[in-house]
Amino acid sequence: EVLSVSYRYAELFDELRIGTHCQVTAIPNGIDVELFKPGSNDQDTSLLRIGAAGNLHPQKRFDLLLNAFQRVSAESGARVELHIAGEGPDRGMLAEQARRLGISSSVVFHGYVAKMPDFLSSLDIFAMTSDSEAAPYAALEAMSCGLPSLVTNVGDLGYIIEDGHTGLVVERGDEDGAAEALLA
């Protein structure tokens, strides 16, 4: 028997007929809903906080998120901030990109966040613009905290997020779509 945390990868495994003598079963990731739950957001309501969490690695496409956020910052007419939790090899490049885009004063790189429920409860919107995922804990935790989410249609994100209801789903690499979704 083959187990997968992702419905999409289980389907792909079956489609490719890898291990034809095996049963493929998807057992989705679970999260502690007592720990990750909607919090009381007593913050300044005139400021929109968009957040993301993950390894600062090319496949996570934080570069795309920064470009989309720059457009949101310029076009929304609202006070907006982008908060990014995580560490990784792209951190310096991403900080430089934010500086080049003129948004570095509105982008906060938090590094490793030990208390993810507190980080998520400080946000208004969660974003995940990855090129590749399975069934990411970060998106599940954000949803459990009651955050509307912008995600790319990769891995199980299209299953997890109901487009137009619990968030918005855009295609992988669609920077304009991501910006438009955040503006909406």
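**Exercise 1.** State which elements each supply at least two residues of the lining of the largest cavity, and describe this lining.

*Solution.* 
Step 1. The elements are β3 (47–53), α2 and β6 (125–128); helices (H or I, at least four residues) and strands (E, at least two) are DSSP runs, numbered from the N terminus. The model is predicted: local features need pLDDT of at least 70, side-chain atom pairs count only at pLDDT 80 or more, and totals for chains, interfaces and linings use all residues. Residues are numbered from 1 along each chain as its sequence is written, and side-chain values use heavy atoms, leaving out hydrogens and water.

Step 2. Among the lining residues are Ala 53, Lys 60, Phe 62 and Met 128.

Step 3. By class, the lining comprises six nonpolar, three polar and one charged residue (Ala, Val, Leu, Ile, Met, Phe, Trp, Tyr, Cys and Pro count as nonpolar, Asp, Glu, Lys and Arg as charged, and the others, Gly among them, as polar).

**Exercise 2.** Determine how α2 and α3 are oriented to each other, and which residues meet.

*Solution.* 
Step 1. Helix α2 (residues 62–75) and helix α3 (residues 91–101) pack at an angle of about 20 degrees.

Step 2. Angles under 35 degrees count as roughly parallel; α2 and α3 are therefore roughly parallel to each other.

Step 3. Phe 62, Asp 63, Leu 66, Asn 67 and Gln 70 of α2 meet Leu 94, Gln 97, Ala 98 and Leu 101 of α3, where contact means heavy atoms within 4.5 Å.

Step 4. The residues of this contact are five nonpolar, three polar and one charged.

Definitions and conventions
Axes are lines fitted to C-alpha atoms, for helices over the stretch in contact, and angles run from 0 to 180 degrees between N-to-C directions. Angles under 35 degrees count as roughly parallel, over 145 as roughly antiparallel, 65 to 115 as roughly perpendicular and the rest as oblique. On a 1 Å grid over the protein atoms alone, a cavity is a set of points where a 1.4 Å probe fits but cannot get out, and a pocket is an open set with protein on both sides within 12 Å along at least five of seven lines; lining residues have an atom within 4 Å of a point.
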